[in-house]
Amino acid sequence: MKKILFLTGTRADFGKIKSLITKLDSHPDFEAFVFVTGMHLQKEYGYTVIEIQRCKFSNVHTFENHTHETTMDLTLAKTIEGFSKYCNEIRPDMIVVHGDRVETLAGAITGSLNNILVAHIEGGELSGTVDELIRHSVSKLSHIHFVSNEEAKKRLLQMGEIESSVYEIGSPDIDIMFSDALPSLEKVKSYYQIEFDNYAVAMFHPVTTEADEMQNYADNFVESLENDSHNYVVIFPNNDLGSRFIIDSYNRLKDNPRFRIFPSVRFEYFLTLLKNSQFIIGNSSAGIREAPYYGIPVINIGTRQQNRATNAEILNVGYHKSEITEALDSIDSREISDNRNVFGNGNSTDLFLESLQNPEIWTLSHQKQFRDL
């Protein structure tokens with residue numbers, strides 16, 4: 001039986017790997033372990049470890065890696081310390097990490113330096129900001145790559161990865177997006193006490209490389225929403241540098257009846273809200289990945305998704321209030337075409353399992369080689 005250790009630090013990456021953990025947790029050939037850290041353990045951001053506990057996975061370990069004073073480099077160091085200790089306890093055969101978070105980098109460093117196979121979900125993509133550096137660093141530290149599409153695969157090959165280590169499985173959250181397990185809109189509205197008939201979703205994250213401007217960006221964003229006429233479901237940002245400015249700006253909205261503000265929303269519940277929204281505004285990857293699959297209009301603000309926001313149907317604007325306001329004035333008349341199949345066909349979980357059951361994946365060398373084009 002192979003031991004597979006998943007690492008999750010945010011509500012976003014957990015949504016991507018939840019279906020994969022669930023698949024392995026009940027499979028006789030595998031033993032799944034989940035290392036929970038980061039935002040999941042911060043009450044200010046919804047203490048989302050509760051959502052993981054609700055899944056009743058067999059092996060869940062929690063580790064606090066963050067304080068309000070901690071910078072990303074110190075968070076990285078602390079996560080490596082805690083994750084390395086846990087790896088020594090359970091001796092996994094494979095570590096699975098996702099995306100471009102600092103916790104992801106910690107997992108990849110720990111695995112690669114301890115001769116443990118590291119599998120990276122959604123490598124080879126363009127992130128923008130410091131996330132770009134982290135994602136590609138994780139790819140170079142990883143032995144196995146589960147990518148979402150052909151373009152990502154090409155980038156990894158361009159980075160010198162060997163083709164036999166790259167598995168194109170699509171984006172795992174697409175499986176959940178179109179599953180029969182999503183709650184009804186009525187159930188979600190009742191659970192979160194949302195009384196709007198119509199609403200938009202607002203998610204605005206800090207841009208770490210533009211931290212000095214985040215106060216201004218946050219104020220412009222909130223003032224634009226205040227001056228608009230739509231109702232909004234607002235979800236807190238991630239905990240990157242600059243998030244405090246955004247949260248403080250949201251305090252201006254808490255008594256406004258057009259807004260419902262939440263530190264976090266359960267992933268399946270969020271998908272239902274997004275699927276039934278008028279549009280999504282901000283700079284979340286949900287506007288680049290999930291929203292087009294549902295045919296939801298998108299206003300993408302600023303540089304956080306730069307190079308990722310290539311879909312012609314996404315309305316890209318700058319940080320100025322005038323640009324945001326102009327986009328809001330036109331969004332209701334914006335038409336969206338069918339943009340599915342860009343990140344898979346909803347069978348990522350099955351393809352992931354099929355890959356792990358292939359004996360060849362376990363014979364990949366732990367000593368990586370750079371492959372010239």
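# Reading contacts and spaces in a predicted model

Colleague: What is the N to O distance where the side chains of R54 and E51 meet in a salt bridge?

Modeller: The R54 and E51 side chains come to 2.7 Å, N to O. A salt bridge is called when a side-chain nitrogen of Lys or Arg is within 4 Å of a carboxyl oxygen of Asp or Glu. Before going on, note that this is a predicted model, where local features need pLDDT of at least 70, side-chain atom pairs need pLDDT 80 or more, and totals for chains, interfaces and linings use all residues. Residues are numbered from 1 along each chain as its sequence is written, and side-chain values use heavy atoms, with hydrogens and water left out.

Colleague: Where do R54 and E51 lie?

Modeller: Both are in helix α2, residues 49–54, and they stand 3 residues apart, about one turn of the helix. Helices (DSSP runs of H or I, at least four residues) and strands (E, at least two) are numbered from the N terminus.

Colleague: How many salt bridges does a search of the whole structure find?

Modeller: The search finds 21. One of them joins E122 to K16, with the closest N and O atoms 3.6 Å apart. E122 lies in the loop between β5 (117–121) and α5 (129–141), while K16 is in helix α1 (residues 11–25), so this pair ties together parts 106 residues apart in sequence. Both E122 and K16 are buried.

Colleague: Which residue has its closest N and O atoms 3.3 Å apart from K16 in a salt bridge?

Modeller: That residue is D173. D173 is in helix α7 and K16 in helix α1, so the pair links distant parts of the chain, 157 residues apart. The relative accessibility of D173 is 0%, so D173 counts as buried. K16 has 7%, so K16 counts as buried too.

Colleague: Which residues are linked with K16 in a network of salt bridges?

Modeller: The network links K16 with E122, E125, D173, R289 and E290.

Colleague: How many aromatic pairs does the structure hold?

Modeller: There are 18. Such a pair is described by the distance of the centres and the angle of the planes. Rings of Phe, Tyr and Trp (its six-membered ring) pair if their centres lie within 6.5 Å; planes under 30 degrees apart count as stacked, over 60 as edge-to-face and the rest as tilted. In this model, F178 and Y293 have ring centres 6.2 Å apart and planes at 45°, so their pair is tilted. F178 is in the loop between α7 (173–177) and α8 (185–192), and Y293 is in helix α12 (residues 290–294), so the pair ties together parts 115 residues apart in sequence. F178, at 36% relative accessibility, counts as partly exposed, whereas Y293, with a relative accessible area of 3%, is buried. Ring pairs also join F6, F146, Y167 and F352 into a cluster.

Colleague: What is the volume of the largest pocket?

Modeller: About 710 Å³. On a 1 Å grid over the protein atoms alone, a cavity is a set of points where a 1.4 Å probe fits but cannot get out, and a pocket is an open set with protein on both sides within 12 Å along at least five of seven lines; lining residues have an atom within 4 Å of a point. Of the 39 residues lining the largest pocket, T10, R11, A12, D13 and S285 are the closest to its centre. Helix α1 gives the most to this lining, with 6 residues. The lining of the largest pocket divides into 9 nonpolar, 12 polar and 18 charged residues. Here Ala, Val, Leu, Ile, Met, Phe, Trp, Tyr, Cys and Pro count as nonpolar, Asp, Glu, Lys and Arg as charged, and the others, Gly among them, as polar.

Colleague: How much space lies in the second largest pocket?

Modeller: About 390 Å³, where a volume is the space filled by probe spheres set on grid points joined across faces, edges and corners. The second largest pocket is lined by 20 residues, of which H66, T70, N239, D240 and L241 are the closest to its centre. Helix α10 gives the most to the lining of this pocket, with 3 residues. By class, that lining has 5 nonpolar, 9 polar and 6 charged residues.

Colleague: How many cavities of 30 Å³ or more does a search of the whole structure find?

Modeller: The search finds 1. The largest cavity holds about 40 Å³ of space. Its lining residues include I280, G282, V298 and N300. The elements giving two or more residues to this lining are β11 (280–282) and β12 (298–301). The lining of the largest cavity has 4 nonpolar, 5 polar and no charged residues.

Technical notes. Buried < 20%, exposed > 50% of the residue type's maximum accessible area, 1.4 Å probe, protein only.
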